[in-house]
Amino acid sequence: MNLQIHLRTFDQLSTEELYQLLRLRSEVFVVEQNCVFLDMDNKDQQCHHLSLFQEGELVAYCRIVPPGLSYAEVAIGRVVSAPAYRGKGLGRKVMEEAISACRQLYGQVPIRLGAQTYALEFYQSLGFEAEGETYDEDGIEHVEMVKRK
């Protein structure tokens with residue numbers, strides 16, 4: 001798979017990139033997961049956006065949230081892969097790229113995320129450790145996780 005990897009601030013996103021990432025997030029988090037919530041939370045403007053494209057089509061995405069906006073630590077959020085491209089390792093690839101981008105942008109600092117509990121083992125395989133109790137977010141069970149190294 002010949003992937004193009006883009007790391008952009010909100011202001012650097014083209015209108016086409018912005019549309020594709022918002023559409024993919026809506027397709028998965030709102031429609032597929034049947035979760036009614038306001039995805040556009042006024043944090044995107046302060047985040048970096050990591051997108052993986054295959055021949056111009058967005059196949060995986062996440063955002064890198066600066067420290068102090070969602071958590072005290074830098075965070076990775078809105079991790080998503082396109083349904084048509086699942087099972088090809090893109091979730092792992094986007095997370096590896098995101099961890100690398102966090103290190104590039106913020107140094108060797110802890111990285112936090114709110115993981116859907118079904119993906120707990122996946123995030124553990126990337127070095128994240130569960131921290132705290134599970135909680136309900138928009139009808140889906142989550143747990144906070146931190147990568148310290």
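**Salt bridges, core and a charged patch**

There are 14 salt bridges in this model, a salt bridge being a side-chain nitrogen of Lys or Arg within 4 Å of a carboxyl oxygen of Asp or Glu. The model is predicted: local features need pLDDT of at least 70, side-chain atom pairs count only at pLDDT 80 or more, and totals for chains, interfaces and linings use all residues. Residues are numbered from 1 along each chain as its sequence is written, and side-chain values use heavy atoms, with hydrogens and water left out.

I start with R112. Its side chain meets that of E73 in a salt bridge, 2.8 Å from N to O. R112 sits in strand β5 (residues 111–116) and E73 in the loop between β3 (57–65) and β4 (74–81), so this pair ties together parts that are 39 residues apart in sequence. Helices (H or I, at least four residues) and strands (E, at least two) are DSSP runs, numbered from the N terminus. R112 has 7% relative accessibility and counts as buried; buried means under 20% relative accessible area, exposed over 50%, and partly exposed in between, with a 1.4 Å probe and protein chains only.

R112 also forms a salt bridge with E144, where the closest N and O atoms are 2.7 Å apart. That pair links strand β7, which holds E144, to strand β5, which holds R112, across 32 residues. E144 is partly exposed, at 24% relative accessibility.

Now the nonpolar core, defined as a set of buried Ala, Val, Leu, Ile, Met, Phe, Trp, Tyr and Cys residues joined through side-chain atoms within 4.5 Å. The largest one has 35 residues, and I76, Y123 and F128 have the most contacts inside it. At least two residues each come from α1, β2, β3, β4, α2 (90–106), β5 and β7. Helix α2 gives the largest share, 7 residues.

Last, the surface. D136, E137, D138 and E141 gather in a patch of negative charge; patch residues have over 30% relative accessible area and no salt bridge, and like charges are joined within 9 Å. D138 lies in the loop between β6 (129–137) and β7 (140–147). D138 is partly exposed, with a relative accessible area of 39%.

Notes:
Patch = residues over 30% accessible without salt bridge, like charges linked within 9 Å, V, L, I, M, F, W, Y side chains within 5 Å. Areas by Shrake-Rupley, 256 points an atom, 1.4 Å probe, with all protein chains shown as cover. Lys, Arg positive; Asp, Glu negative; His and termini not counted. Charge placed at Lys NZ, Arg CZ, Asp CG, Glu CD.
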